[in-house]
Amino acid sequence: MKIKANYANEPLWKELKIKSRLPEEMKCLDELAHNMWWAWHSEVCNMWKSLDEKLYEEVGQNPVLLLERLSQERKKEIVKDEQIMQRIRDIYADFRAYMDKKPDSGRPSVAYFSMEYGINQVLKIYSGGLGMLAGDYLKEASDSNVDMCAVGFMYRYGYFKQSLNIEGRQIANYEAQNFNSLPIERQLDADGNPLVVDVPFMDFHVYAYVWRVNVGRIPLYLLDTDNEMNSEFDKSITHNLYGGDWENRLKQEILLGIGGIITLKRLGIAKDIYHCNEGHAALCNLQRICDLVEGGLTFNQAMELVKASSIYTCHTPVPAGHDYFDEQLFGKYMRSYPGKLGISWEEFIGMGRVNPSDPHERFSMSTFACNTCQEVNGVSRLHGWVSRKMFAPVWKGYYPEENHVGYVTNGVHFPSWTAHEWRDLYDKYFDKNFINDQSNEKIWHNIYKVPDEEIWETRMALKKKLVVYIREKFRETWLKNQGDPSRVVSLLQKINPDALMIGFCRRFATYKRAHLLFTDLERLEKIVNNPDYPVQFIFSGKAHPADGAGQDLIKKIYDISRRPEFLGKIIFLEDYDFLLARRLVSGVDIWMNTPTRPLEASGTSGEKAEMNGVVNLSVLDGWWLEGYREGAGWALTEKRTYENQDYQDKLDAATIYGLLENEIIPMFYARRDKPFSEDWVKVIKNSIATIAPHYTMKRQLDDYFDKFYNHMAERSRKLHRDNYRLAKELAQWKETVAERWDAVKVVSKEADIPEEGLETDKSYRIRYIIDEQGLDDAIGLEFVSIKDDNAAEQKIHSVRQFKNTRRNGNLYTFECIIEPDNAGTYKTGIRMYPKNDLLPHRQDFCYVRWLD
């Protein structure tokens, strides 16, 4: 027998984690590292940096990984360094004082659900604006001492890192996160064991680990299906943010909504308010209803309790942007739920349809959210109106201006997004209680007391930091991807902190119109190549991997930036992330935004710029429609001149060129023998004084309490009292009204309205006698008029209530006096509706009949 020369089996590797041991004096750092409070406290980040500056950058500014990789020798040096140790003790003392404060019991408690959270670049569980907003919300809830918890996903790969190849094509790189080296920890159950949540899927269960992120005082629970208990098909549910097909998206939304509530239940957590940040989490209401039905309530009784404590925030301005699921796919996973609820399949799936009985209509998570949440809101004043129109078909019988959809304009977390240079300046000149009174414009007006020179020096310091950051971060990447080294060196040298810098940085979706600036390249070339007034445009942003048009737009900008006349004048910075965003919103001079009206729901990057003395140039859309002040930035009108979008784009581009040539550039360079423009500094001061105070996350959080949470919690408490007495009464009343609604009839009608019409300054009486069929004063009538002006959209002119003037058994007499105030042609109708003081609004029980 010949002996084999080589014989070996495959290695049987086992993961062995060796934990770095901290000296006793440094053990508090582990607690600090595992609470993301450090993410919005620059003094803490500077402390991490002081432990080992080079290593801190190598580990991506991740303090958990930093402590893990600190050498034993360096730890000994730190312990012996009294200055560093005193700094550590002081910071830890501040942290404990912050954490030991009890939550504000005077405000309702909140459970918050979102698919993504942007807390810091270390934790890659965000993709863009929705996540940044959610992360900022948790930080401010912590600072404001709100009793809140949140639920999301611990993505294995998260959203992608972006790179561009030599041709300018976007490459999406998905990098696995090592959970053991992140500022997260496994959540334990009551027995001290790692919590595993089993979530029902069809005829099997999906098992999710639960990770906890401490966001200051706020616990964020993240579900993770990438474990050995699940099949390969289900491990991937939490692999990617917005990845996979529609079936995976449905599985994600089942896990977030249903799994999220099961998680909170396992942890013994119950809150006053349940807030769905977008429709992805809408199924949390389904699980809550199931739990109440299982506890002995009927479906209708459970629905009253769940609706009263639920709010849905919509961030999407068009119906196409919402999630819809075919009945076959939806039924595959949800077929068992009607039985749990005690209703039919048709009734169940109809809750997610605008037309419940239409078998061809897909199930919409947003419609389901509208039908199971008492309150619905948009994220700016304009978007609130857009949402009213978008969701109006859900509540038939009412016009958009009559429905209950409200709005809270988004804001940004001031400590997270304000550069420390500006924080130092604000601390120096603003009231000492400023951080707790951020919406007080009077305090912000102290910016006018700051010397112009100090404003300019602050701006220039941040511009120089941005230039240094770009040169350091992108040099190696550009040398690798852009071919000619001499071109890269030339590009880096041409980045000029003294030039007027204009930033356009956001998600590359076509409606954002990043192409607008390149409508007239000849005119643009003259703008950027004026040697006396240099101008540079910085672009950055990712396109969704499935968005070919967005990726083509990136390539177009990349190609233009490589042309000799635009080299170093048009710059595209790849992989727009948390760190780059912070540099850009504080480092450029102008923040430009050019969305197609009215497709920008809110936008928050421009608000971040405001906090840093960066001036906005934007279409009057989203937050800027209400934020713009004359003399504090520049605006393109929200009104359309052309229906043809190409014509509108050309007009808007010409307007931007004109503003740059005739106003912005001349003002920026109007130095008048000074090293800066006094007029420009005046715009900065106006912007900070009159706009910034209204767009902080503190104001947004307070708005949610004032507009929604407080009155919702009060009503919910009433419905819960005495073993749900009022909830049961209201459910019974609705059932009775629904049962008898079609039987309610008009007995008689009198109207002294002449055939030739009405006249102004005269009174006319309309009288109805209605047989309410024993409903006991449950019916209301109103006279509705709309202006008949052949407009594309009909709008309410007036609504006049009928008075109930007499009752005779089941017969109710209703009278209304009509006194026309304006001449013209109108359409009029009599609307009958159910009324009950326990209803929060008409759309809560949306029965309407138009009478002859």
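How many helices and strands does the secondary structure of the protein chain come to? There are 29 helices and 28 strands. Keep in mind as you look around that this is a predicted model.

Now for the overall build. The radius of gyration of the protein chain is 30 Å, close to the 29 Å that the globule rule gives for 852 residues, so the chain is as compact as a globular protein of that length. Of the 852 residues, 56% count as buried. And if you take the contacts with a separation of 6 or more, 72% of them come from residues 24 or more positions apart.

Let's zoom in on two helices. Two packed helices are described by the angle between their axes and the distance between the axes. Here the pair is α9, covering residues 246-266, and α10, covering residues 283-294. They pack at an angle of about 45°, and their axes lie 7 Å apart. An angle like that makes α9 oblique to α10. The crossing of α9 past α10 is right-handed.

So which residues do the touching? On the α9 side you'll find Glu-253, Ile-254, Gly-257, Ile-258, Ile-261, Ile-262 and Lys-265. Facing them from α10 are Leu-283, Cys-284, Leu-286, Gln-287, Arg-288 and Asp-291. Sorted by class, this contact has seven nonpolar, two polar and four charged residues.

Conventions. Residues are numbered from 1 along each chain as its sequence is written. This is a predicted model: local features need pLDDT of at least 70, side-chain atom pairs count only at pLDDT 80 or more; totals for chains, interfaces and linings use all residues. Side-chain values use heavy atoms; hydrogens and water are left out. Axes are lines fitted to C-alpha atoms, for helices over the stretch in contact, and angles run from 0 to 180 degrees between N-to-C directions. Helices (H or I, at least four residues) and strands (E, at least two) are DSSP runs, numbered from the N terminus. Angles under 35 degrees count as roughly parallel, over 145 as roughly antiparallel, 65 to 115 as roughly perpendicular and the rest as oblique. A crossing is left-handed if the near helix is turned anticlockwise from the far one by less than a right angle, and right-handed if clockwise. Contact means heavy atoms within 4.5 Å. Ala, Val, Leu, Ile, Met, Phe, Trp, Tyr, Cys and Pro count as nonpolar, Asp, Glu, Lys and Arg as charged, and the others, Gly among them, as polar. The radius of gyration is taken over C-alpha atoms; the globule rule is 2.2 Å times the number of residues to the power 0.38. Buried means under 20% relative accessible area, exposed over 50%, partly exposed in between (1.4 Å probe, protein chains only).
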